[in-house]
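This report goes through one protein model, heading by heading.

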Amino acid sequence: MSSWKVQHSEPGPDLSLFKTRFDHLTNPRNGITQRMIILDSPDAANVVAVTPNQELVLVRQYRVGIGFETLELPGGIVDEGEEHHFAAQRELREETGYASSNWNFLGSIPSNPVFMDSYIHHWLATDCVPTHALDLDSGEAVDIELMPLEEAFQCWKSGFFQHPHTVNALLLYFRDRF
């Protein structure tokens, strides 16, 4: 398949967490050029955090886009100039107070390739223990929940988890374990 050709780009409004741009792309199938919006956003990292008791560390938080709370993996934005491995460690510590010295990279996927240019990087942290007080951003309010891995697997399998980044990270984690 031929690739789409960018004719030109123009900046869009700054939406704080996201910047926007408009790319004018030519469809290789029909030659028509269309104006497409792209959310230009930083990458993010999330953590499959497992305690020595084989429990998954989860956060329950309100998600404004859907208007209700979700139970999900801790994670967040990779700061400018920060490596995603360090962002995963920082986000785990800030959102849950847990830390680990055992880290493994699970993989990355596009956040939403339909209209975003960023990636989510999934990390596994084992032997996680509480070491710090929470250090939440002003827009965060979380409750920490521990869930046995077998229960987490059943919840994942049944479609209980709603956040797509959590669903994908758990797919990468559980693919070789159950």
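Gln-54 lies in the loop between β4 and β5; helices (H or I, at least four residues) and strands (E, at least two) are DSSP runs, numbered from the N terminus. The model is predicted, and local features need pLDDT of at least 70, side-chain atom pairs count only at pLDDT 80 or more, while totals for chains, interfaces and linings use all residues. Residues are numbered from 1 along each chain as its sequence is written, and side-chain values use heavy atoms, with hydrogens and water left out.

Most residues other than glycine have a negative phi. Gln-54 is not a glycine, yet its phi is positive, about 60°. Its relative accessible area of 44% makes Gln-54 partly exposed (buried means under 20% relative accessible area, exposed over 50%, partly exposed in between, with a 1.4 Å probe and protein chains only). Asp-127, also a residue other than glycine, has a positive phi near 55°. Asp-127 is placed in the loop between β10 and β11 (129-130) and is partly exposed at 41% relative accessibility.

## The helix α1

α1 has 13 residues and spans 18 Å from its first C-alpha to its last, close to the 18 Å expected at 1.5 Å a residue. The expected span is 1.5 Å times one less than the number of residues in the helix. Which residues of α1 are buried? They are Ala-87, Ala-88, Arg-90, Glu-91, Leu-92, Glu-94, Glu-95 and Thr-96. After α1 comes Gly-97, with a positive phi near 80°.

## The largest pocket

The largest pocket holds about 1,400 Å³ of space. On a 1 Å grid over the protein atoms alone, a pocket is an open set of points with protein on both sides within 12 Å along at least five of seven lines, and lining residues have an atom within 4 Å of a point. Grid points are joined across faces, edges and corners, and a volume is the space filled by probe spheres set on the points.

The lining of the largest pocket has 48 residues, and Leu-17, Arg-63, Glu-72, Ile-77 and His-163 lie nearest the centre. Elements that give two or more residues to this lining include β4 (44-50), β5 (55-63), α1 (84-96) and α3 (164-174). By class, the lining has 20 nonpolar, 15 polar and 13 charged residues. Here Ala, Val, Leu, Ile, Met, Phe, Trp, Tyr, Cys and Pro count as nonpolar, Asp, Glu, Lys and Arg as charged, and the others, Gly among them, as polar.

## The second largest pocket

The second largest pocket has a volume of about 200 Å³. Among its lining residues are Asp-23, Met-36, Pro-113 and Phe-115. β2 (18-26) and β3 (33-40) are the elements that give two or more residues to this lining, and β3 gives the most, with three. The lining has eight nonpolar, no polar and two charged residues.

## Aromatic rings

The structure holds six aromatic pairs (rings of Phe, Tyr and Trp, the last by its six-membered ring, pair if their centres lie within 6.5 Å; planes under 30 degrees apart count as stacked, over 60 as edge-to-face and the rest as tilted). Phe-160 and Phe-161 form an edge-to-face pair, with 5.4 Å centre to centre and 75° between the planes. Phe-160 is partly exposed at 41% relative accessibility, whereas Phe-161 is buried at 4%. Phe-153, Trp-156, Tyr-173 and Phe-174 form one aromatic cluster.

The charged end of Arg-35 sits over the ring of Phe-22, 3.6 Å from the ring centre (NZ of Lys or CZ of Arg must be within 6 Å of the ring centre and within 35 degrees of the ring normal).

Note on methods:
On a 1 Å grid over the protein atoms alone, a cavity is a set of points where a 1.4 Å probe fits but cannot get out, and a pocket is an open set with protein on both sides within 12 Å along at least five of seven lines; lining residues have an atom within 4 Å of a point.
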